[in-house]
Amino acid sequence: DAHGIPWQYKTVTLGGTDAGSLQRSGLGAEVMTIATPCRNLHSGACTMSYSDFEATGALLTALLDTKF
């Protein structure tokens with residue numbers, strides 16, 4: 001919100017990533033998953049809105065510029 005980057009809640013949480021395994025491995029680790037809205041993700045024709053693509057890039061840039 002501070003950077004004016006549009007975002008939306010992910011309402012369906014089917015599937016998963018390796019983030020959960022990394023979080024529980026060894027002594028544990030902080031993890032974060034960023035999901036970009038798209039269709040047909042696991043196909044040769046994944047499609048998304050170009051504005052969502054740009055917003056994801058802006059979000060990642062803002063995140064990498066953040067001091068934790």
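A residue is termed buried when its relative accessible area is under 20%, exposed when that area is over 50%, and partly exposed in between. The model described here is predicted. Its features are set out below by topic.

- Thr 56 lies in helix H2, which spans residues 50-64.
- With a relative accessibility of 16%, Thr 56 is classed as buried, because the limit for that class is under 20%.
- Leaving aside residues up to four places away in sequence, Thr 56 touches Ile 34 and Thr 36.
- A polar contact of 3.1 Å joins the side chain of Thr 56 to the side chain of Thr 36.

- Met 32, Ile 34, Leu 59 and Leu 60 make a nonpolar surface patch of about 330 Å².
- Ile 34, a member of this patch, is also touched by Thr 56.
- Leu 59, another member of the patch, is found in helix H2.
- The relative accessibility of Leu 59 is 37%, so this residue counts as partly exposed.

**Cysteines**

- A disulfide is a covalent bond between the sulfur atoms of two cysteines.
- The count of disulfides in the model is zero, where a pair of cysteine sulfur atoms would have to lie within 2.5 Å.
- Cys 38 takes part in no disulfide, and its nearest cysteine sulfur, that of Cys 46, is 3.7 Å away.
- Cys 46 is likewise in no disulfide.
- Cys 38 is partly exposed, at a relative accessible area of 30%, and Cys 46 is partly exposed at 38%.

Methods. Residues are numbered from 1 along each chain as its sequence is written. This is a predicted model: local features need pLDDT of at least 70, side-chain atom pairs count only at pLDDT 80 or more; totals for chains, interfaces and linings use all residues. Side-chain values use heavy atoms; hydrogens and water are left out. Buried means under 20% relative accessible area, exposed over 50%, partly exposed in between (1.4 Å probe, protein chains only). Helices (H or I, at least four residues) and strands (E, at least two) are DSSP runs, numbered from the N terminus. A polar contact is a pair of N or O atoms within 3.5 Å; within protein, one must be able to donate a hydrogen and the other to accept it, and residues adjacent in sequence count only if both atoms are side-chain atoms. Contact means heavy atoms within 4.5 Å. Patches are made of residues with over 30% relative accessible area and no salt bridge: like charges are joined within 9 Å, nonpolar side chains (Val, Leu, Ile, Met, Phe, Trp, Tyr) within 5 Å. Accessible areas come from the Shrake-Rupley method with a 1.4 Å probe; for residues, only the protein chains shown count as cover. A salt bridge is a side-chain nitrogen of Lys or Arg within 4 Å of a carboxyl oxygen of Asp or Glu.
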